[in-house]
Amino acid sequence: MKELIDHLKQFLPPFIQVEEADNTLLLLSENRERCGIVDLDADGQLIGFDLNVELPATEGTEAVLAARQFASVFYPEANQTVQLEAFEDRTVIRLEESDSKYQLPIPGAGLTVEVHRSGYITAAQLYKHTYTLLDSKKLVSVSAAKENLLEESPVVLTVADGAAVYQLFDQAIGVRADGTVLYSELPPVLTDIEEPEASGDWATLMGLDNTFIKYYQEEGLQLWAEKELVETHSAEDITDQIAVRKNEEVIFYSGSTPWQKGVLITQEGLQLQAIRFLSHVAEEEKPWDQWKLAGAEMAADAAIEDELEPTYIFQFQYVWDGYIVDAVTASIHVGMYTGLIRECIIDRLPHALTAVNTLLPVQQAKEQIRDALQLELAWMALQDENTYELAYVRTQ
């Protein structure tokens, strides 16, 4: 313990006293007032400390040098400066441990040091843990990794700084050492939809019939309820049973018309209802040409006995000339017993995209992306705790 105290005191102001107290160390001022605490692990090794005391405004040891000196004593393996944040009177520096072969930082292994302008260390936190590095016997070149990423990852049409741009799928985060593309989330599997047979209109698909009346309307908002409710309640007390809201960003429908529990409709039948509704309310002339089915699942609360009908949710993705249009999706909730639409949210195309007349062929867009695409070798965390694999990650 004495050796640790001696090492620590060389980084603290000379007037700070260090005193043992059970499994911790206390930091005391000149007047023996507590001004900080030192945390130790079960083996008596330093975990971290925090010092709260007035210090001189004079300049001392340069911050990065002070942090490295501290690391050399308490965590020599933490030799990579990965983050530096400067404040008025202090600098916070993050150093990470690196491997011996590639000298690459290991995420989560290292220390954070706060250096006062006087050069004294006022706080530190060490993150030491056991980890496994999955090296590769054969590492593909960065150029080969880039080509694999461009070949496999879909190109997305999105908006950046108010303009339409082409970019690789965001969740394609890099390429493994063996050349396979690494995703944080796999690209959606999109399925074509066909023009459905005509079946009423959007109102019919929501259960809106002549027993309902529109009791409120203003720009972008329409509300319906059963005639009996409207005639016996004030507008403020009516729970709207059908609502349509539209603004520049989204089109929204919600419905809670009466229902009774009966025979469950098949998923195929529910999906057909969702496609019918989309064909009525989407703004495209032939929405089945632009929208693709992206997924279907039972609503999380479908098993809860409630006055609201349990639903199946169908997700659709907008696709334009082979491009997935980022953040333009439709979500349609269909009642599992009635087949009525209970909710629908459709994203509208941003203005920057509606202003585009023609799109580049996907391959030409990839050529543009290739020039800006940058990959960097790094250790990537896997789902297994404290296990990392070698990969080229996107930095731009």
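Predicted model: local features only at pLDDT ≥ 70, side-chain atom pairs only at ≥ 80, totals over all residues.

Colleague: Why is Gln103 called partly exposed?

Modeller: Buried means under 20% relative accessible area and exposed over 50%, with partly exposed in between (1.4 Å probe, protein chains only). Gln103 has a relative accessibility of 40%, so it counts as partly exposed. Gln103 lies in the loop between β6 (90–98) and β7 (105–116); helices (H or I, at least four residues) and strands (E, at least two) are DSSP runs, numbered from the N terminus. Its phi is near 55°, a positive value in a residue other than glycine.

Colleague: What makes Asp321 exposed?

Modeller: Its relative accessibility is 56%, and Asp321 therefore counts as exposed. Asp321 is placed in the loop between β20 (311–320) and β21 (323–335), and its phi, near 50°, is also positive in a residue other than glycine.

Colleague: Why is Thr158 called buried?

Modeller: Thr158 has a relative accessible area of 8%, so it is buried. This residue belongs to strand β10 (residues 155–160).

Colleague: How do you know that the side chain of Thr158 makes a polar contact with the side chain of Asp326?

Modeller: A polar contact is a pair of N or O atoms within 3.5 Å; within protein, one must be able to donate a hydrogen and the other to accept it, and residues adjacent in sequence count only if both atoms are side-chain atoms. The contact between the side chains of Thr158 and Asp326 is at 3.1 Å. Leaving aside neighbours within four places in sequence, Thr158 is in contact (heavy atoms within 4.5 Å) with residues including Ala163, Val165 and Leu353.

Colleague: Why are the buried residues of α1 said to line one face of the helix?

Modeller: In α1 (residues 2–9), the buried residues are Leu4, Ile5 and Leu8. Seen down the axis, they fall within an arc of 100°, so they line one face; the arc is that of the directions from the helix axis to the C-beta atoms. The face turned away from the buried side carries the exposed residues Lys2 and Glu3.

Colleague: What makes α1 and α2 roughly antiparallel?

Modeller: Angles under 35 degrees count as roughly parallel, over 145 as roughly antiparallel, 65 to 115 as roughly perpendicular and the rest as oblique. Axes are lines fitted to C-alpha atoms, for helices over the stretch in contact, and angles run from 0 to 180 degrees between N-to-C directions. The two helices pack at an angle of about 170°, with their axes 10 Å apart, and α1 and α2 are therefore roughly antiparallel to each other.

Colleague: Which residues of α1 and α2 meet?

Modeller: Leu4, His7 and Leu8 in α1 meet Phe70, Val73 and Phe74 in α2.

How values were computed:
Residues numbered from 1 in each chain as written. Heavy atoms only, no water.
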